[in-house]
Amino acid sequence: MAEDLAAFVAAMDRCWLERRFEDLAAYLAEDVVMAAPGGGRVEGLASAVESYREFMSRSRIARFAARDHAVTLRGDTAVVEYGWDMAWESGVESAGESEGERHETSGREALVLARRADGWRVVWRTQLPA
């Protein structure tokens, strides 16, 4: 089951990386909460999907690598955490060729998943310093 949940999370990451934002509904719960570092908060599926869309509309990802998935499973609740490394340019139009500001950082993702009638769904997400 741990490998299945790690694969679930990897598939979810591919959705936003490939700009398949509507496909995120297969992974995120209707009542998902995304708590951003520094205190920002997004609630609900539509707002969560829009936050991914907004980030990608002004960013060009050069590299994203996830590693060291750790899964804690307790009944119908699971926590999936993993490290990630990412390099990207911000301030670019998604189809533009102009260079934006370059960024490179690492962090940890923490996701709480709940088993719902239609399968596992992310109900809470945050990012932590590496």
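This note goes through the sheet, the helices and selected charged pairs of the structure above.

1. Basis of the note. The model is predicted, and local features are described where pLDDT is at least 70, side-chain atom pairs counting only at pLDDT 80 or more, while totals for chains, interfaces and linings use all residues. Residues are numbered from 1 along each chain as its sequence is written, and side-chain values use heavy atoms, with hydrogens and water left out.

2. The sheet. Six strands form an open sheet with mixed pairing, in the order β2-β1-β6-β5-β4-β3; strands (E, at least two residues) and helices (H or I, at least four) are DSSP runs numbered from the N terminus, and two strands pair if DSSP finds at least two bridges between them. The edges are formed by β2 (41–43) and β3 (59–74), each of which pairs on one side only. On average, and with direction ignored, neighbouring strands of this sheet are turned by 15° against each other.

3. The β3 and β4 pairing. Strand β3 runs antiparallel to β4 (residues 77–90), and 13 bridges join the two. As one of the residues to look at here, arginine 60 has glutamate 89 in β4 as its bridge partner.

4. Helices on the sheet. Helix α1 (residues 2–17) packs on the sheet and touches β1 (28–35), β3, β4, β5 (101–116) and β6 (119–129), its direction making about 160° with that of β3. Helix α2 (residues 45–57) also packs on the sheet, where it touches β1, β2, β3, β4 and β6, and its direction makes about 55° with that of β1. Axes are lines fitted to C-alpha atoms, for helices over the stretch in contact, and angles run from 0 to 180 degrees between N-to-C directions.

5. Helix against helix. The axes of α1 and α2 come within 10 Å and cross at roughly 50°, which makes α1 oblique to α2 (under 35 degrees is roughly parallel, over 145 roughly antiparallel, 65 to 115 roughly perpendicular, and the rest oblique). Met12, Trp16 and Leu17 in α1 meet Tyr52, Phe55 and Met56 in α2, contact being heavy atoms within 4.5 Å. By class, this contact has six nonpolar, no polar and no charged residues (Ala, Val, Leu, Ile, Met, Phe, Trp, Tyr, Cys and Pro are nonpolar, Asp, Glu, Lys and Arg charged, and the others, Gly among them, polar).

6. Salt bridges. The count comes to 14 salt bridges, each being a side-chain nitrogen of Lys or Arg within 4 Å of a carboxyl oxygen of Asp or Glu. In one of them, glutamate 109 and arginine 125 have their closest N and O atoms 2.4 Å apart; the pair links strand β5 with strand β6, across 16 residues of chain. Glutamate 109 is buried at 3% relative accessibility, and arginine 125 is buried at 15% (buried is under 20% relative accessible area, exposed over 50%, partly exposed in between, with a 1.4 Å probe and protein chains only).

7. Two further pairs. Arginine 121 and aspartate 118 form a salt bridge with closest N and O atoms 3.2 Å apart; arginine 121 is buried at 13%, whereas aspartate 118 is exposed at 55%. Aspartate 68 and arginine 67 meet at 3.9 Å, N to O, with aspartate 68 exposed at 57% and arginine 67 partly exposed at 31%.
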